[in-house]
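Please open the structure in a viewer and keep the selection panel at hand. The tour moves from one selection to the next and states what is found at each stop.

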Amino acid sequence: MSLQIDDVRFSYGKHLVLDGVSLEVAEGTFCALLGPNGSGKSTLTKVVAGVHRPASGRVSFGGVDVLGLGRRSHARLIGYVPQSGEVPFDLTVREAVLLGRTPHFGIGPGRSDWAKVDEAIALLGLGELEDRSLSELSGGQAQRALVARALAQDTRVLLLDEPTSALDLRYQIETLQLVRQITRSHGITALIAIHDLNHAGRFCDQAVLLHRGRIQRAGTPQEAFDEAALAAIYGLDVTVEEREGYVEVRPVVREIEYQI
Amino acid sequence: MTTSIAAERDAGTPSPSGGAPAPRADRLRRRTGAWRPLALGAGAVASAIAIVVAVGIGTAGITPGDVWRAIVLAIFGGTLHGDFAQAYSIVTELRLPRTLLAFGAGAALSVAGALMQGLLRNPLVSPFTLGVSPAAAFGAALAITLAGAQTVPAWVVILSALGMALAVSAFVLSLATAKKMAVATLLLLGIAVTQLFEALTSALQFAANENTLQAIVRWTFGSVNDATWSDVQVVWVVLVLALPLVLWFAKDLNAIAFAGDDAAKSLGVNVGALRVGLIVVAVLLASVVVSFCGVIGFVGLVGPHIARLVIGADHRYLLPFSVLTGGLLLLLADTVGRTVLAPAVIPVGIVVAFIGAPIFINLILTRKTALR
């Protein structure tokens, strides 16, 4: 039951964003999509999440053509955690998590829907906050509510679009730890678009480096993080070291000498 | 001691353990929102009582008992005794259609406002945001102007207003569809159309003679003074047809309003089609009301907000509750409008802001959490 992305192409108007991306993510794997701004990593998560339709290519999970599924069936298979955004109305955490059950119930949620909501709230430690309004939450708590919503959706695949970029260091680590734990305990396949190479190296099983809509390198973080490749992709010299079993990437910063 | 302090400090971090089972089951009813259907039922009963009471209020000295007898007589038939005949005709031919039109118009505008606010993810939006009311006003003004010195039949003005409102809304929606229904595009198109049609109406007013000008201005005030049973029928039929439809899509509307377009798509909602479809419903509701009653502002903006403050933002309850808040607000405004300076009748379009603004301000101030 692996997630297979096969020769996916996508463009915004005339601007080609994904130029034939092919990738396989095994079940229960935590895979990082990395690359500079505009490399296409967010777009790739949105294509798999069913937000965008690709111009060509195939996305399948366990042999099932995901793009050919109906909207609701798709939403029961693949969940999506967007970057945390503003909610224009007052909503409690519990109501926000219930949104994840949208593809599962008809007019109103049933007992099993509420059970999934409770389960997700407990798993993310939001029990104390469940009756609070989203507007009262900190950035980290709001992000946890979004992850809880995707868990309540009860999908086999979880896509996360830069979920850590607005969080402080502690919540970044907590979120990544949590997603990793979910892939282990629930066998969920997770695909995350993320900027921080070192976080990806520390928490993810698989790393994919995108540049200009193409995959440049893929494999375990140790395999993918190549000094020369990273230097070419980011336009910046880096050193890659292994420390306590995980790879770390450091930029080589030269002092700029100003001549006055 | 140190351990308990450490435990306190850690209270904010994730702890998967829930509360004890007994209070949890007790809380379940409240948390799953079992009180909301009760609040809806109570609101519906209160609205029915308010309608009967409002029919009884007026200069002719009719008691609520008379109102009840007249309603029973009208529905189930029976013999009309001489001394009751006058009260009967006042109730069934004047007061009842007027009250029902006021309630129905307020309800339709309010539910249309709730739809628009959710669909466009913007609490400042009203059913008139896409230019429905200026377009309808222009349609009416055009019919009045073209008729010139002749008195124009009411249904011609109504049809002209309705046709113009629907045509302009269709124009705005088709342009916005070409731009992928982006929210900002819709709002900007609405502003452009509003300005354009206000200018067109002003141009007609500028060119009009005294009598025509008066007729045009009077139309824009918005009132239920000349309510007939056929007006009531049209407004209520549209409202009653629209309600089950919007309730069916309420949970999808929740996804769009609270999660945003991208996340709603990933939750299995056909965002583009749903947005167009429900805006059409909202525009239809607003156009019908404006065509029959003239421009009644404020209810469409404030009705949904009052409902949201009472019952929460979940559209499965917000939409039906908006029907009640909007209906009651306009009913109250009309009742005040026809009694406060009796026998003069102030148009409801003018009174509604006088009544609604203090209620709304009071709700904003007395509520603990900020209105967003």
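The model is predicted. Begin with chain A and display its open sheet of 6 strands, which has mixed pairing and the order E6-E7-E8-E3-E9-E10. Strand E6 (78–81) and strand E10 (214–219) of chain A stand at the edges; each has a single partner strand, so one side of each lacks a neighbour in the sheet. From one strand to the next, the twist averages 20 degrees.

Select strand E9 (residues 206–211) of chain A together with E10(A): 5 bridges join the two in the antiparallel sense. Within this pair, A:Val208 has A:Ala218 of E10(A) as its bridge partner.

**Helices on the sheet**

Then select helix H5 (residues 139–152) of chain A, which lies across E6 and E7 of chain A and runs at about 170 degrees to E6(A).

**Strand E8 of chain A**

Now show the partners of E8(A). E3(A) runs parallel to E8(A), with 4 bridges between them, and A:Leu33 has A:Ala193 as its bridge partner. E7(A) also pairs with E8(A) in the parallel sense, over 5 bridges, and A:Val157 is partnered by A:Thr189. Trace the chain from E7(A) through helix H6 (residues 169–186) of chain A to E8(A): this β-α-β crossover is right-handed.

**Chain B**

Turn to chain B, which has 15 helices and 0 strands. Buried residues account for 49% of its 372 residues.

Finally, select B:Ala112 in helix H5 (residues 82–119) of chain B. B:Ala112 counts as buried because its relative accessibility is 0%. Beyond its neighbours within four places in sequence, B:Ala112 is in contact with B:Pro127, B:Ala282 and B:Leu285. B:Ala286 is 174 residues away from B:Ala112 along the chain, yet their C-alpha atoms are separated by 6.6 Å.

How values were computed. Residues numbered from 1 in each chain as written. Chains lettered and ligands numbered in written order. Predicted model: local features only at pLDDT ≥ 70, side-chain atom pairs only at ≥ 80, totals over all residues. Heavy atoms only, no water. Buried < 20%, exposed > 50% of the residue type's maximum accessible area, 1.4 Å probe, protein only. Pairing = 2+ DSSP bridges. Axes fitted to C-alpha atoms, helices over the stretch in contact; angles between N-to-C directions. Contact = heavy atoms within 4.5 Å. Right-handed = clockwise from strand over helix to strand, strands pointing away.
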